[in-house]
Amino acid sequence: MDAFDSLMVGFGVALQPTHLMWAFVGSLLGTAIGVLPGIGPALTIALLLPVTVKLAPTAAFIMFAGVLYGAMYGGSTTSILLNTPGESGSMMTALEGNKMARAGRGAAALATAAIGSFVAGTIATLALTFLAPAIAELAFVFGPADYFALMLLAFTSVSVVMGTSRVRGFIALFLGLAMGVVGIDGPTGQARLAFGSPALLDGIDITVVLVSLFAIGEILYVASRYRHAPPAVNPLAGGRWMTRQDWRRSWKPWLRGTCLGFPIGALPAGGSEIPTFLSYTIERRLSRHKEEFGKGAIEGVAGPEAANNAAAAGILVPLLTLGLPTSATAAVLLAAFQSYGLQPGPFLFVNSADLVWGLIASLYIGNLMLLVLNLPLVGLWVRLLLIPRPYLYAGILVFALVGIWGVGTSWMDLLLMFVIGLVGYVMRVYDFPIAPVLIGLILGPLAETQLRRALSIGEGNPLVLVSSPLSATLIVLAFAVLFLPGLLRRLRANA
């Protein structure tokens with residue numbers, strides 16, 4: 001009951017008119033930011049830090065929480081309608097959501113994303129309230145070998161499931177891994193694949209790759225096939241809202257996505273990419289409508305979007321209880337805490353209880369605000385598809401350029417955006433999957449770090465990778481995902 005009593009105190013703080021206003025501002029701003037490709041919650045909160053210096057800490061963090069959740073909602077809009085995710089956590093939503101929009105079911109895709117986000121965000125916030133200390137303990141259970149095995153499972157799964165062939169999937173994965181090692185190698189201090197350019201020593205920013213592959217690649221692809229009379233799209237075909245069948249097919253993916261997103265988001269290096277991908281994979285395996293995947297399956301939107309929002313609450317667990325950031329956004333929030341002279345950790349719940357519990361209570365309020373804001377706007381958002389394509393994609397290109405320039409104000413980023421955009425166009429033409437590139441880029445450096453740590457602990461003995469039951473199980477699953485489908489096909493052919 002201590003957590004419940006503290007939460008009631010938090011609601012007393014969050015429901016103050018001033019704090020309600022900041023929660024609304026953060027939610028609205030976060031949704032707008034999520035819609036813009038390339039500008040995510042981390043960059044937004046970083047830009048807001050100088051502006052919020054004179055705000056009370058509680059008001060500032062309530063607004064930051066609104067930005068965090070709002071960006072997760074808004075990111076699904078461009079992912080579904082324009083195949084341009086603003087955040088890496090929204091890339092899986094784009095796979096099926098954009099196909100639904102092209103088939104005239106954009107409204108249903110946006111509705112299941114908004115409702116799934118609300119369901120997942122509410123359940124995950126409940127878990128944050130009552131299970132935060134227990135979930136944070138998972139950080140001590142996973143060792144370096146376990147983390148490496150988990151990422152190996154992600155690599156094999158994404159390469160096998162995505163795309164029309166395994167070869168294309170692994171080529172895309174290795175392209176992402178290659179981009180992930182660009183820059184200075186941490187343990188040795190040596191430059192890798194920088195080609196003598198100081199601008200590449202810090203590596204390739206994930207936002208640059210994300211916007212280039214999706215936005216620029218999509219723009220080039222559409223432009224290369226554009227005709228003076230493009231095919232008309234009726235975004236409201238099939239009804240403005242979800243049908244009864246859509247509800248039946250969505251509620252289980254919402255719950256499964258939540259169960260994946262929150263605990264993995266709470267793990268160091270968990271983030272939103274792994275749970276959203278795993279959610280998509282699971283829904284593809286469990287669905288009774290497997291033939292619709294790749295053509296616009298609603299489960300492929302509902303599950304990953306729920307996992308994405310649940311992971312957003314999950315990253316707050318290690319941040320608030322251990323002072324451990326597990327994503328770029330969490331790292332910016334940690335810097336925000338420190339700018340106010342606060343150090344997240346167990347003592348934060350004692351020394352700044354009103355702030356912490358007011359922040360947690362504001363997540364419930366902001367989540368409800370976002371549902372009220374987003375559902376009525378479904379009909380408005382789908383009207384984006386009625387804008388003439390040259391104007392629409394020209395606007396996306398401008399926002400992409402502004403977003404990439406705002407990330408690092410680097411000409412090298414703009415050059416990389418052009419080059420990687422051309423690669424994205426070629427991948428689109430020859431049907432290479434894009435998701436493995438991003439998974440390789442994001443998880444590759446983390447997998448390398450965990451592998452090195454595990455081998456250091458085992459004094460170079462590779463058997464250390466299977467020394468724990470957890471890592472051994474995950475590696476067996478990785479090989480099963482890689483070889484089992486082919487083996488089953490052979491057995492069926494011989495039967």
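Tutor: Buried means under 20% relative accessible area, exposed means over 50%, and partly exposed is anything in between, with a 1.4 Å probe and protein chains only. On that basis, 56% of the 495 residues of the protein chain count as buried. This is a predicted model: local features need pLDDT of at least 70, side-chain atom pairs count only at pLDDT 80 or more, and totals for chains, interfaces and linings use all residues. Residues are numbered from 1 along each chain as its sequence is written, and side-chain values use heavy atoms, leaving out hydrogens and water.

Student: Which helix gives the most to the nonpolar patch?

Tutor: Helix 20 (residues 411-429), with 5 residues. The patch, about 550 Å² of accessible area together, is formed by L175, L220, L415, F418, V419, L422 and V423.

Student: What makes the F61 and Y340 pair tilted?

Tutor: Of the 7 aromatic pairs found in the whole structure, F61 and Y340 form one with centres 5.8 Å apart and 55° between the planes. Phe, Tyr and Trp rings (for Trp, the six-membered one) pair if their centres lie within 6.5 Å; under 30 degrees is stacked, over 60 is edge-to-face and the rest is tilted, so this pair lands in the tilted class. Both F61 and Y340 are buried.

Student: How do you know that R192 and E448 meet in a salt bridge?

Tutor: Their N to O distance is 2.8 Å, and a salt bridge needs a side-chain nitrogen of Lys or Arg within 4 Å of a carboxyl oxygen of Asp or Glu, so they pass. R192 lies in strand 2 (residues 191-192) and E448 in helix 21 (residues 435-457), so the pair ties together parts 256 residues apart in sequence.

Student: Is E448 buried or exposed, or partly exposed?

Tutor: E448 has 21% relative accessibility, so it counts as partly exposed. R192, at 22%, is partly exposed as well.

Definitions and conventions. Patch = residues over 30% accessible without salt bridge, like charges linked within 9 Å, V, L, I, M, F, W, Y side chains within 5 Å. Areas by Shrake-Rupley, 256 points an atom, 1.4 Å probe, with all protein chains shown as cover. Helix = DSSP H or I, 4+ residues; strand = E, 2+ residues; numbered from the N terminus.
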